[in-house]
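Here are some friendly notes to read with the model open beside you. Take the points one at a time and find each place as you go.

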Amino acid sequence: MLELRNVTKTVGAVEHIRDVSLTLQHGSLNVLLGPTLSGKTSLMRLMAGLDVPTSGSVWFDGHDVTGTPVQKRKIAMVYQQFINYPAMTVYENIASPLRVAGVEQAKIDSQVREAAALLKLTPYLDRTPLSLSGGQQQRTALARAIVKNASLVLLDEPLANLDYKLREELRAELPRIFAAAGTIFVYATTEPHEALLLGGNTATLSEGRITQFGPTIDVFRKPVDLVTAKTFADPPLNTIVLAKKGADFLLDGGVKLPVPAELVGIADGNYTIGFQPHHLSLERPNAGAVPVRAKVTITEITGSESFIHLDFADVRWVMLTHGIRDFETDAVVEVFIDPRHIMVFDEHGRAVTAQKLAA
Amino acid sequence: MDKTWNNKAWFLVLPVLVLVAFTAVIPLMTVVNYSVQDTFGNNVFTWAGTEWFEELLSSSRFWEAMVRNLIFSFIILAIEVPLGIFIALNMPKKGWGVPVCLVLMSLPLLIPWNVVGTIWQVFGRSDIGLMGYYLNAIGIDYNYVQDPFDAWVTIIIMDVWHWTSLVVLLCYAGLVSIPDAFYQAAKIDGASRWAVFRYIQLPKMQRVLLIAVLLRFMDSFMIYTEPFVVTGGGPGNSTTFLSIDLVKTALGQFDLGPAAAMSLVYFLIILLLSWVFYTVMTNYDAER
Amino acid sequence: MARIDVNHVRHSYLPNPQKEADFALREVHHTFEDGGAYALLGPSGCGKTTLLNIISGLLHPSHGKLLFNGRDVTNLSTQERNIAQVFQFPVIYDTMTVYDNLAFPLRNRGVPEADVDRKVRETLEMIDLASWARKKARGLTADQKQKISLGRGLVRSDVNAILFDEPLTVIDPHMKWVLRSQLKQLHRRFGYTMVYVTHDQTEALTFADQVVVMYDGGIVQIGTPAELFERPRHTFVGYFIGSPGMNVMPVAVEGKTAMLGSQRIELPGAPKAASGAVELGIRPEYVRLGRDGMAVSVSKVEDVGRHKVVRAKLEGRDIAAVIGEDETVPAEPKVRFDPAGINIYADSWRVEMGA
């Protein structure tokens, strides 16, 4: 179990990590999700012991390991760049951490072959990394990390330098590989889609702070605040600030959006409403859906789906619909907001939920 | 909480600290001690206070040497930096030419100072030297032993020959780190050769140039061995730099007190000038 | 703006190419229409960047010709071709201000300063950076830098084409959406001929009117996003476009039915001349999961937020199906194939279906 207790890291006058507390269990996959410079790499360096926190402590299985250098802990890292020993074969690359640890030859061989099989590298064991494709090079680095039998494996955007399709393939395999290894995995990414595909737990980062940590799908569906919701949305989250009056949020042009039944009790005032692009639709999804008129700025078609960018009042929304729906720029269309799928945030950006209301 | 880590770290740097203490700190203390006393190297010391410093700062010999140093540093920087950039720009960026050029460039840097001095001393001699002899043969009156101007030219050419490579190698390292896309974009933008240099290559070389200028300045300001070997500070005092003057005072005349004062002042001047150089250049860098 | 004819162009990086495999780009013969938005899509090493660099003139093709509006430009330099290009990593002149960066291509061409000022201001408005004009370019974020790279192309009113070489690689997901839609708006408003190289299908499909799918140095299919999705000409296109890619499984075809192991699948028509290795391709979006049809064993359900991807085994083969956000997998799951989404392939190439 890896525990960060109120960890802060300041470099010069800049706070890279602000008061992070986090507990990661053995055998878990944990995604750090956030944009560039949100602190993902800094946090990983603190976990690994490459950096020492300015304040707070790092605990591993009940021992304080704050400041224990990385060499003394069983840690493996995989980076965005494909880092292998170029002069060694794939076999020797995978075997290298075992050789350092002085494992006996027979055991090395069986472990290397096992890891190679898991990562589909068996045919390439005698090749050198540079003669392989990017995907295979990164598989080699992953195999080396796994064979090391580390207690903590850190992956810093490991798929970012791969082609889209290779990324997709490896991403589908990773959860299986992680499950087989049974250690603590920490995986940094900028892509919400990647977090969802990997599953496990997700911690969303924003400006050096962890905004939420929990099972990935829960964080996605029930963000605790607006920052988390925005971090975890691709396409971007649609938002609008509305005034609540009685049982309705007031929209432009006298349109009313009913406040979800469980939230009717909240005080009148301004709230930010957020909803996912696929919850905005061209056809009425149900009787309770509210039609609004918006102006099309641009339409993007992927072949099976269409992304329609809309201007409504002073905000820009994206609508995701199935099929090919092309509109002229500046066309005015009627779109439906489904009140069952809206998220409500108060003026501080905190999510307003029925549970919170009850508390 | 991170005590263990820190103790280990100190343990590891201890040998270096000891080494630095013996090679720098202790000698420096000795020099400070000498500079305020009068002695002839016979272990008889009398307190002199600031006498040596006063004497030094009012001596024209010191200031003349100092001016010579500054002129020398200025000239060699003015030659070596542009020349180094020029050579680096024209070196091949890929293919078999790269290792060949790199080795050729490194050669002068590998030769010890006194050997360089000896080479040029012989090379420039007007009776047997390859350069000196032929220069005189084609009618150029060249003799570095007699003519101060010729002596200066010889030392400057020698330094340029010896050290331009350093500037070249540093600049080259900066240049090869520029991605191809920059050159391609410049082509598309219709940039001239000069514009490519001014807006792409020079900015990318700026950091290494700062290091090159600093190194070359400090080195040239402290130059000793080569002029000592070639001209011995002459003819007259025309190539007597601070370092040569210092050695003459300390070892030639055994004036340890004045020599210690002089080396302290010399040390502070180098420190000060390097600091000024560094601050000016890094500020310039930060502004842009 | 120009129409670009790529006339029987081939390219090899070797001095004396002999066999087909020596060519990084095998024969390409295609016309990029004036004002069109094109994407060159394919995995790394497929030749897409080679083709782009041939169009921009950074590379001289070993065979073939290149025409801009009917004029042979094969031997013209990049400057003379008058194109703009945006690279993977933002290229900016970081000692200059944003304004000077945009003015640079014009000043290099000796444009009078009054015109420079007018054009730069126009361009700053177009790329939404007007308030940054006097700032040094070095302190900007990656997406702003990439906009400047683009702006240096847009500022020249007479550019023949704007070329993009994976321009969104270093941009965060959120900014990708913004930049992409801005790019598309610029295209709609000003009608530039644009060619966009990428390995990312979402970028290619959303940006382009026509997507050129490339594989192993050659063009596999050129079509609208819808065509590539509905009717992939080659199983590679089926795999490469779509997420997850098309399910492809070997079948035996007889008239209007296909046999997949012991399962009978009704086809929308009888495939013409399906000889060689025959396969059936169906996208996960057309696989219907329910209580009737062919029995499958579900191995995994991936909840990706807006829908779920069900991974299952059908007749011992992996198959993927896409179901809605709120749908669940039934107790005894079975699948049906929507006939509208079925394509038949012989030796990996699509065969037409008759009535």
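1. Let us begin with how elements are named: helices (H or I, at least four residues) and strands (E, at least two) are DSSP runs, numbered from the N terminus. With that in hand, look for Pro244(C) in the loop between helix H9 (235-240) and strand E11 (247-250) of chain C. A cis peptide bond joins this proline to Ser243(C), with omega about 0°.

2. Before going further, note that this is a predicted model, where local features need pLDDT of at least 70, side-chain atom pairs count only at pLDDT 80 or more, and totals for chains, interfaces and linings use all residues. Residues are numbered from 1 along each chain as its sequence is written, chains are lettered from A and ligands numbered from 1 in the order in which they are written, and side-chain values use heavy atoms, with hydrogens and water left out.

3. Chain A has a cis peptide bond too, between Asp234(A) and Pro235(A), with omega about 5°. Pro235(A) sits in the loop between H8 and strand E11 (238-245) of chain A.

4. Now find the open sheet of 4 strands in chain A, ordered E2-E1-E4-E5 with antiparallel pairing (two strands pair if DSSP finds at least two bridges between them).

5. Arg5(A) stands opposite Ser57(A) in E4(A). Also in strand E1 of chain A is Asn6(A), which has a positive phi of about 45° although it is not a glycine.

6. How do chains A and C meet? The contact (heavy atoms within 4.5 Å) takes 46 residues from chain A and 38 residues from chain C. Together they bury about 3500 Å², 52% of it on carbon and sulfur atoms; buried area is the accessible area (1.4 Å probe) that two parts lose on being put together, summed over both.

7. Which charged groups link the two chains? There are 4 salt bridges between chain A and chain C, each a side-chain nitrogen of Lys or Arg within 4 Å of a carboxyl oxygen of Asp or Glu. In one salt bridge, the side chains of Arg180(C) and Glu300(A) meet at 3.2 Å, N to O.
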